[in-house]
Amino acid sequence: MTAQAGGASPLPAAQMSGVDNRTSLRRQMRAQRRALTIEERTRAARQIARVATRALLLRPAAHLGLYITHHAEADTQPLIEAARKRGCHLYLPVITDYRSARMRFVRYTDETKLVRNRYGIPEPIHGAATHISTRLLDVIFVPVVAVDARGWRIGSGAGFYDRCLHHLRYGRMWRRPKLIGLGYDFQRVPLIAAQPWDVPLDGLITEKGFYRFVPGRGTR
């Protein structure tokens with residue numbers, strides 16, 4: 001199922017004119033996420049897992065980068081459970097250097113012990129876990145605060161994903177993971193002014209469907 005391009009959240013006039021006010025947009029989107037009821041979040045999380053399955057992103061033996069939901073992000077637990085049932089190999093991000101915003105993906109199984117990092121996000125104890133190069137992952141599911149019709153993303157602002165994935169932006173690679181954002185449909189916005197360090201997404205999954213991004217052209 002592929003969703004259509006319409007229905008993005010309205011933005012202030014300054015944002016529509018191309019002025020990038022990321023702080024204001026983060027505040028707006030986070031407030032909307034917090035306003036969702038538990039029932040709304042649960043329904044959305046289940047639907048996101050269904051959409052990912054129908055989009056054939058959870059292939060058996062696929063290597064998937066995922067994350068544990070933090071604060072009011074779209075819940076990834078149903079997606080994790082669906083991926084495990086289909087025999088996917090799962091990896092979670094682990095912060096290895098806070099000062100330089102570096103992280104790596106390490107193996108995540110039923111037996112993996114998780115600890116909370118300084119942001120309160122559960123992550124594996126990376127010293128005892130197997131890590132994988134991002135180039136060897138088939139799909140990386142990425143948290144979003146907002147995404148525009150071209151696939152440009154606003155994240156939490158810490159820069160961990162941008163630094164970890166920056167090498168995927170330049171040049172062509174015979175093998176690279178698909179970068180798929182996860183979020184609610186209201187997090188879609190018309191325009192985000194891309195920054196030099198931003199890495200565009202290949203697609204976005206929300207409770208409404210799967211939005212694929214075509215470089216330079218937008219959603220299809």
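Me: How do you know which residues may be discussed here?
Reply: In this predicted model, local features need pLDDT of at least 70 and side-chain atom pairs count only at pLDDT 80 or more, while totals for chains, interfaces and linings use all residues. Residues are numbered from 1 along each chain as its sequence is written, and side-chain values use heavy atoms, with hydrogens and water left out.

Me: Why is Ala-158 called partly exposed?
Reply: Buried means under 20% relative accessible area, exposed means over 50%, and partly exposed lies in between (1.4 Å probe, protein chains only); Ala-158 has 36% relative accessibility, and therefore counts as partly exposed. Ala-158 is found in the loop between β9 (153-154) and α5 (160-165), where helices (H or I, at least four residues) and strands (E, at least two) are DSSP runs, numbered from the N terminus.

Me: What makes a set of residues a nonpolar core?
Reply: The members are buried Ala, Val, Leu, Ile, Met, Phe, Trp, Tyr and Cys residues, joined through side-chain atoms within 4.5 Å. The largest such core here has 60 residues, among which Leu-58, Leu-64, Phe-105, Phe-141 and Ile-205 touch the most other members. Its largest share, five residues, comes from helix α3 (residues 38-54).

Me: Where is confidence lowest, and where is it highest?
Reply: On pLDDT, the predictor's confidence in each residue from 0 to 100, helix α1 (residues 13-16) is lowest at a mean of 36, whereas strand β11 (residues 203-206) is highest at 98. The mean for the protein is 84.
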